[in-house]
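Colleague: Please take me on a close tour of the aromatic part of this one, with the ring pairs and the core around them. I'd like the cut-offs spelled out as you go.

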Amino acid sequence: MPFESRILWSTLCVQEYMLTLILAMCTLGGDDCCASMKEFSKDPTFQAAHLAPLPLNFKPQQGKMATLDYGRGSSPIFVVPPAEGVDVGIVMVHEWWGLNDYIKQQAERLHRETGYGVAAVDLYGGKIAATSEEAAKLVQGVDDETASAIMRAAPAKIKDGSVFGRKISKVGTIGWCFGGGWSFQAALMGGSNVDACVMYYGMPETEPDKLRALKAPVFAVFGNQDKRLDPELVGKFAQGMAAAARPLELRVYDADHAFANPSNPKYDKMHAEDAWNATLFFLRRYLSTK
């Protein structure tokens, strides 16, 4: 199928720009991102960009903690079952704070607004950070082989019925920051088990040869004020995806890193809500089973 791309620029307000890169639909045929995030976590400037989460009084309504068997062992997972008649599941990956109440709240929100089943994985083995220093240590302590095993297993276990108690036809992944990179890695590793990938300001892959492993379209969100995941890196990512002929929708907001995290005291509600609505549109487009 011929490869095409187009770039659309528009503004939601004076201080925002959006870059949308849509590659033509086609038949699609991790360690670098994880190593980079570990290096980032050692930088005091990167740590300072992550303000301590605001307090949250949250009690799960639909979800509950369970365990995921990933072959080498088991890992905690927060499971929100799909609504009756819904045949879609989402693997959600936490930010560098861990699987805290904000992620559980977001899992229930995604379920509430779509009916999708959501499985929020835990790559920290139950640990949660309250400060940037603690989060940095948790990131650096992640065993990449174990995390990769979890991220390979989660989509497969959703599809075979192990997670929600019934088989699921379509699976997407979503994550933020640390979890954004792992959401992308899950799509790279997951093959046909992953049908759509959403990555919020996570470390991407830029080499076309590696990106050709993707079989899922990707929706990626970044902030142009991000000092690490900056416009230059984002541009290389877009170029790599284009060279690999892989579908990408890319939005870059006039915002800083972690702008879409409601636990962040600098949470940018307007841009975050716009990105969320675009996320839902993307997921519905590629995960529809009707």
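Modeller: Terms first: a helix here is a DSSP run of H or I with at least four residues, a strand is a run of E with at least two, and both are numbered from the N terminus. Keep in mind that this is a predicted model, where local features need pLDDT of at least 70 and side-chain atom pairs count only at pLDDT 80 or more, while totals for chains, interfaces and linings use all residues. Residues are numbered from 1 along each chain as its sequence is written, and side-chain values use heavy atoms, with hydrogens and water left out.

Of its 290 residues, 56% are buried, where buried means under 20% relative accessible area, exposed means over 50% and partly exposed is in between (1.4 Å probe, protein chains only).

Now the core. A nonpolar core is a set of buried Ala, Val, Leu, Ile, Met, Phe, Trp, Tyr and Cys residues joined through side-chain atoms within 4.5 Å. The largest one here holds 94 residues, and Y200 and Y201 touch the most other members. Helix α9 (residues 269-287) supplies the largest share of this core, 9 residues. As a rule, nonpolar side chains in soluble globular proteins tend to be buried together.

On to the rings. Phe, Tyr and Trp (its six-membered ring) pair if their ring centres lie within 6.5 Å; planes under 30 degrees apart are stacked, over 60 edge-to-face, and the rest tilted. The whole structure contains 9 such pairs. One of them joins Y124 and F178, a tilted pair with 5.4 Å from centre to centre and 40 degrees between the planes. Y124 sits in the loop between β6 (117-121) and α4 (132-141) and F178 in helix α6 (residues 178-190), so their pairing ties together parts 54 residues apart in sequence. Y124 is buried at 7% relative accessible area, and F178 is buried too, at 4%.

Then there's F282 with Y286, also tilted, at 4.9 Å between centres and 55 degrees between planes. These two are 4 residues apart in helix α9, which means about one helical turn separates F282 from Y286. F282 is buried at 1%, and Y286 at 17%.

The rings also gather into a group: W176, Y200, Y201, Y253 and F259 form one aromatic cluster. Let's stay with Y201, in the loop between β8 (196-200) and α7 (208-211). Y201 is buried, at 0% relative accessibility. Taking contact as heavy atoms within 4.5 Å, and leaving aside neighbours within four places in sequence, the partners of Y201 include W176, C177, V221, F222, L229 and F259, as well as E95, D226 and H257. Its backbone is worth a glance as well: phi of Y201 is near 30 degrees, a positive value in a residue other than glycine. Most residues other than glycine have a negative phi.

C177, one of the contacts of Y201, also has a positive phi, near 55 degrees. C177 is placed in the loop between β7 (170-176) and α6, and is buried with a relative accessible area of 0%.
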